[in-house]
Amino acid sequence: MTPLSFVIALVAFTVFGAVFGCLIAGVDRIITARMQGRVGPPLLQPYYDVRKLLAKENRSLNGFMGYYLVLSLIFAILSGAIFFAGGNLLLVVFLIGLSTLLFIVAAYSSRSPYAEIGAGREIIQVLAYEPMILLMPVFFFFATGSFNVSAIFSLQYPLIVILPLVFAGLLFIITIKLRKSPFDLSYSHHAHQELVKGISTEMTGRNLAIVEITHWYENVLFLGYVGIFFVWVHPVALVIAVVVALAVYFLEIVIDNTFARVKWQSMLGWSWAVTLVCTVSNLVLLTVIIRFFAGGL
């Protein structure tokens with residue numbers, strides 16, 4: 001990743017990441033409404049909501065909350081820019097983790113009991129999905145010999161061929177990462193889930209708008225995580241990756257509207273079990289593949 005490619009990716013992701021993230025959120029609302037027997041809002045309703053929030057007066061119990069949220073947004077944009085510029089995947093994981101941490105600190109800074117409970121639940125969710133997210137770059141390095149996302153474009157086969165179980169583990173924990181049922185313990189994007197809005201209870205006006213925009217960027221980045229498993233040297237690979245990523249998001253919407261919220265103990269137990277089984281099994285598979293080719297040579 002050169003400085004020029006990073007600057008181009010930063011500008012492109014800042015603009016198009018928000019546009020695609022807004023459209024994805026709009027499609028999410030429409031599909032959710034249709035599954036619940038409602039007509040649903042227009043496609044651009046997330047944009048209308050954010051525009052209205054930006055025009056409202058910003059009220060905060062702590063003046064630093066806004067700074068934390070802005071920094072959270074900045075790190076989310078930086079992580080997406082580095083990812084789509086083909087940069088270091090491990091750095092991307094740490095930056096988006098820092099973005100989430102700042103979001104949690106912003107909630108704690110309000111000193112509201114409801115927001116603090118939501119922040120505590122967000123920490124539990126981070127503990128649930130972060131092991132799988134941290135191990136993903138490690139297996140990416142095993143498969144490509146590099147932490148750089150751009151390495152996938154020189155592969156003769158997609159990562160899904162040799163990392164199928166890592167992909168399966170990612171599919172499981174991405175439900176937590178996207179804050180979808182049954183794992184939306186700290187924050188729900190749908191009003192029917194709760195009266196008090198969890199971690200964002202005390203966030204209003206511009207602060208809440210920043211939270212929504214940050215989630216747009218996060219969604220695009222997480223779908224990028226899915227897409228890298230289907231990209232290789234073939235020119236049609238990017239189309240396949242986009243189609244699979246959108247299909248996965250549709251599956252997440254179906255899951256979100258099918259399952260009821262579970263307890264945090266179940267979320268931790270299931271996510272750690274899936275992470276352990278998928279990573280260990282795929283490590284064994286990689287060992288077998290390496291020995292097979294080494295024996296063949």
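The structure is a predicted model, in which local features need pLDDT of at least 70 and side-chain atom pairs count only at pLDDT 80 or more, while totals for chains, interfaces and linings use all residues. Residues are numbered from 1 along each chain as its sequence is written, and side-chain values use heavy atoms, with hydrogens and water left out.

Helices are a friendly place to begin; here they are DSSP runs (H or I, at least four residues), numbered from the N terminus. Helix α7 covers residues 205-227.

Helix α4 (residues 89-109) packs against α5 at an angle of about 175°, and the two axes are 10 Å apart. The two helices are therefore roughly antiparallel, a label for angles over 145 degrees. Here axes are lines fitted to C-alpha atoms, for helices over the stretch in contact, and angles run from 0 to 180 degrees between N-to-C directions. The contact of α4 with α5 has 17 nonpolar, 2 polar and 3 charged residues. In this count, Ala, Val, Leu, Ile, Met, Phe, Trp, Tyr, Cys and Pro are nonpolar, Asp, Glu, Lys and Arg are charged, and the others, Gly among them, are polar.

Most residues other than glycine have a negative phi, and most peptide bonds are trans. Arginine 111, in the loop between α4 and α5, has a positive phi of about 60°. Arginine 179 also has a positive phi of about 60°, and lies in the loop between α6 and α7. Arginine 111 is exposed, with a relative accessible area of 62%, whereas arginine 179 is buried at 5%.

Proline 158 belongs to the loop between α5 (113-144) and α6 (164-177). This proline is buried, with a relative accessible area of 14%. Beyond its neighbours within four places in sequence, proline 158 is in contact (heavy atoms within 4.5 Å) with Phe229, Phe230, Val231 and Trp232.

Methods
Expected span 1.5 Å × (residues − 1). Buried < 20%, exposed > 50% of the residue type's maximum accessible area, 1.4 Å probe, protein only. Parallel < 35°, antiparallel > 145°, perpendicular 65-115°, else oblique.
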